[in-house]
Amino acid sequence: MEIASYGSIEDGVKGCFGKDVKITGRSYVSGGDINDAFCLKLSDGTDVFVKSNTFDNFGFFVLEEKGLNAIASTGTIGTPGLICKGADRSGGTAFLMMEMIPRCPMVKGFFSIFGRELAKLHMADTKEYVPGGNFGFSSDNYIGASKQINTPKDTWMDFFRECRLKPQFERAGRYFENSHIRLVNALLDKLDKILVETEFPSLLHRDLWSGNFITGKDGKAWLIDPAVYVGHAEADLAMTELFGRLPEEFYKEYMSVYPIQPGYRDRKDLYNLYHLLNHLNLFGSSYLPSVLGIVKRYS
Ligand code: ADP
């Protein structure tokens with residue numbers, strides 16, 4: 001369900017918690033890449049989590065809301081409850097307010113449960129999220145600070161080529177020599193020999209590194225900061241391996257619920273090429289050797 005919009009954080013607090021409720025304290029939360037994040041203490045005893053950015057970034061929060069709502073609507077894995085959003089012209093800020101997740105202890109078997117719940121997310125019905133195709137999403141969104149094109153496509157190969165790799169390669173054009181461009185084109189041409197289709201398109205979190213799940217009040221993994229779209233479930237699994245694998249029980253339990261297709265290990269780095277290209281575009285040339293290594297291997 002869409003949350004209400006307010007003209008300021010204070011108005012949002014009054015609208016959602018009662019007209020007499022005031023903000024009594026504010027502490028910064030570190031760890032974000034893009035937005036300011038803080039915990040607000042309210043006079044009724046509630047703590048709420050707020051992300052804020054400049055006024056013109058309101059659309060960014062509308063899309064984050066949409067992504068969190070999509071995951072929540074599957075009822076498979078925790079996400080923070082959304083409270084309200086808004087844009088404050090006079091203060092020059094936009095914000096998204098949600099349930100504050102206190103640092104909770106993990107339950108026993110945290111990663112086993114996380115694996116099973118992610119598998120269930122990947123098994124949820126996805127038709128309502130991609131009108132007009134099998135893969136994509138009902139709107140474009142962001143991965144970190146980069147726009148993600150989510151135009152619906154009928155096949156995973158088409159989607160991954162046209163909406164994922166090509167736009168990032170085009171944006172990274174200045175880093176490539178002619179010899180690299182030949183390899184990039186060769187890779188794009190042979191994607192259908194490397195990737196496999198899935199009969200079961202999955203709603204993906206799609207930015208599933210360790211900073212994007214936190215321990216919820218039930219002690220289980222809750223997903224935050226998603227870059228959702230409907231795609232091949234393998235792409236989410238691959239991202240969990242980009243900066244080092246999660247504990248083995250996560251993968252074992254994931255596969256006990258949703259077995260992966262043979263050959264995943266041979267495709268994994270190709271999925272992560274998308275993230276490395278995105279890092280190249282956002283953070284610069286230190287990511288070029290990793291990008292070129294994967295391009296050479298698959299082209
Ligand atoms: P950004 O959009 O800037 O990347 P994040 O969504 O990653 O921001 O969040 C910034 C920080 O706030 C991270 O440390 C994250 O763990 C924490 N965080 C995010 N959502 C919540 C929440 N609902 N409750 C408590 N902490 C949160």
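Predicted model: local features only at pLDDT ≥ 70, side-chain atom pairs only at ≥ 80, totals over all residues.
**Exercise 1. Determine where the largest nonpolar core lies and which residues touch the most other members.**

Solution. 
Step 1. Identify the members with the most neighbours in the core. The core has 65 residues, and those touching the most other members are Phe114, Leu165, Phe169, Leu270 and Leu273.
Step 2. Find the main contributor. Helix α9 (residues 264-283) provides eight residues, the largest share of this core.
Step 3. Locate the core. Because domain 1 (4-99) and domain 2 (110-298) both contribute residues to this core, it lies between them.
Step 4. Inspect one member, Leu165. Leaving aside residues up to four places away in sequence, Leu165 touches Phe160, Leu188, Leu191, Leu270, Leu273, Tyr274 and Leu277.
Step 5. Note that a second, separate core exists; it has 12 residues, including Val13, Leu40, Leu42 and Val48.

**Exercise 2. Characterise the largest pocket by its volume, lining and location.**

Solution. 
Step 1. State the volume, which is about 1,100 Å³.
Step 2. Describe the lining of the largest pocket. There are 45 lining residues, and Gly32, Gly211, Asn212, Ile224 and Asp225 lie nearest the centre of the pocket.
Step 3. Classify the lining residues of this pocket: 26 are nonpolar, 12 polar and seven charged.
Step 4. Assign the lining to elements. Helix α9 gives five residues, the largest share. Among the elements that each supply at least two residues are β4 (47-54), α2 (58-73) and β6 (93-99).
Step 5. Locate the pocket. Both domain 1 (4-99) and domain 2 (110-298) give residues to the lining, so the largest pocket lies between them.

**Exercise 3. Describe the second largest pocket and the elements that line it.**

Solution. 
Step 1. The volume of the second largest pocket is about 160 Å³.
Step 2. Its lining includes Ser8, Glu10, Arg26, Tyr28, Asp36 and Leu40.
Step 3. Two or more lining residues come from each of α1 (9-17), β2 (23-28) and β3 (36-42).
Step 4. By class, the lining of the second largest pocket comprises five nonpolar, three polar and four charged residues.

How values were computed:
Residues numbered from 1 in each chain as written. Heavy atoms only, no water. Core = buried A, V, L, I, M, F, W, Y, C linked by side-chain atoms within 4.5 Å. Buried < 20%, exposed > 50% of the residue type's maximum accessible area, 1.4 Å probe, protein only. Helix = DSSP H or I, 4+ residues; strand = E, 2+ residues; numbered from the N terminus. Domains from an automatic or database assignment. Contact = heavy atoms within 4.5 Å. 1 Å grid on protein atoms, 1.4 Å probe; cavity = no way out; pocket = protein on both sides within 12 Å on 5 of 7 lines; lining within 4 Å. Points joined across faces, edges and corners; volume = space filled by probe spheres on them. Nonpolar A, V, L, I, M, F, W, Y, C, P; charged D, E, K, R; others polar.
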